[in-house]
Amino acid sequence: MERTKIEKADILNTLKDIVKGANSLVFVNFKGVKVGDTVNMRRKFRSENVGFFVAKKSLTKKALESANFSGTMPELSGELGLSYGSDLIAPAREVYEFEKKYKGSVSILGGVFEGKFMTKAEMISIASIPSQK
């Protein structure tokens, strides 16, 4: 079922709030993940104060363009989700853990770190920074 303009505007506003309020963002491709695995992933994210939001790529790109991040936006392919949080490293670290667990189904496409677009390799190197816990 197609979304109305009002619903799309609400989603875009939510995306803009996420982009504006997050200290870091991770662009996640999640093709072929089972529903139960997605529930576990979201539950783990919540326990680490990491959000996860799924929206159409066109709306996500509009929200990202309105934020005026420096650098070049990475290619956003496949089913796209945004992992975000106030902690700079937690979103990347949590997604990377699931990327290793669900090889081929979950992958980091890139992200935003300290106001700058980052490549997949840069986000994986950020995700590899050990936790201070």
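Which residues point one way from E1, and which the other way? In this predicted model, Ser24, Val26, Val28 and Phe30 point one way from E1, while Leu25, Phe27 and Asn29 point the other way, and all are buried. The legends below take this strand and its surroundings in turn.

**View 1. The open sheet of 5 strands.** The strands of this sheet follow the order E2-E3-E1-E4-E5, and their pairing is antiparallel. Strand E2 (50-54) and strand E5 (116-118) are the edge strands, each of which pairs on one side only. From one strand to the next, the twist averages 25°. Strands of a sheet pair through backbone hydrogen bonds, either parallel or antiparallel.

**View 2. Strand E1 between its two partners.** Strand E1 (residues 24-30) pairs with strand E3 (residues 80-85) in the antiparallel sense over 6 bridges, and 7 bridges join E1 to E4, these two strands also running antiparallel. Within the pairing with E3, the bridge partner of Phe27 is Leu82, and Val26 stands opposite Ser83. Towards E4, Ser24 has Phe113 as its bridge partner. Because 7 of the 7 residues of E1 are buried, the strand is largely enclosed by the rest of the structure.

View 3. Ser83, which lies in strand E3, counts as buried because its relative accessibility is 0%, where the cut-off for buried is under 20%. When its neighbours within four places in sequence are left aside, Ser83 is in contact with Ser24, Leu25, Val26, Val28, Phe45, Val50, Gly51, Phe52, Pro91 and Val95.

View 4. Helix H2 (residues 35-47) lies across E2, E3 and strand E4 (106-113), and its direction is at about 140° to E2. Helix H4 (residues 90-101) lies across E1, E2, E3 and E4, running at about 170° to E4. H2 and H4 also pack with each other, at an angle of about 150° and with their axes 10 Å apart. The two helices, H2 and H4, are therefore roughly antiparallel to each other, and their crossing is right-handed. In this contact, Asn40, Met41, Lys44 and Phe45 of H2 meet Glu94, Val95 and Phe98 of H4. Sorted by class, the contact of H2 with H4 has 4 nonpolar, 1 polar and 2 charged residues.

**View 5. The crossing of helices H4 and H5.** The axes of H4 and helix H5 (residues 120-127) come within 8 Å and cross at roughly 100°, which means that H4 is roughly perpendicular to H5. Ala92, Arg93, Tyr96 and Glu99 of H4 make this contact with Lys120, Met123, Ile124, Ile126 and Ala127 of H5. The residues of the contact of H4 with H5 divide into 6 nonpolar, no polar and 3 charged.

**View 6. The packing of helices H1 and H3.** Two packed helices are described by the angle between their axes and the distance between the axes. For helix H1 (residues 5-21) and helix H3 (residues 57-67), the angle is about 45° and the axes are 9 Å apart, so H1 is oblique to H3. The crossing of H1 and H3 is right-handed. From H1, the residues Lys8, Ile11, Leu12, Leu15, Lys16 and Val19 meet Leu59, Thr60, Lys62, Ala63, Leu64, Ser66 and Ala67 in H3. By class, 8 nonpolar, 2 polar and 3 charged residues make up the contact of H1 with H3.

**View 7. Gly32 in the loop between E1 and H2.** Gly32 lies in the loop between E1 and H2, and with 62% relative accessibility it counts as exposed, the cut-off being over 50%. Not counting residues up to four places away in sequence, Gly32 touches Glu79 and Ser105. The C-alpha atoms of Gly32 and Tyr102 are separated by 9.6 Å, although these residues are 70 residues apart along the chain.

Note on methods:
Residues numbered from 1 in each chain as written. Predicted model: local features only at pLDDT ≥ 70, side-chain atom pairs only at ≥ 80, totals over all residues. Heavy atoms only, no water. Axes fitted to C-alpha atoms, helices over the stretch in contact; angles between N-to-C directions. Helix = DSSP H or I, 4+ residues; strand = E, 2+ residues; numbered from the N terminus. Parallel < 35°, antiparallel > 145°, perpendicular 65-115°, else oblique. Left-handed = near helix turned anticlockwise from the far one by under 90°. Contact = heavy atoms within 4.5 Å. Nonpolar A, V, L, I, M, F, W, Y, C, P; charged D, E, K, R; others polar. Pairing = 2+ DSSP bridges. Buried < 20%, exposed > 50% of the residue type's maximum accessible area, 1.4 Å probe, protein only.
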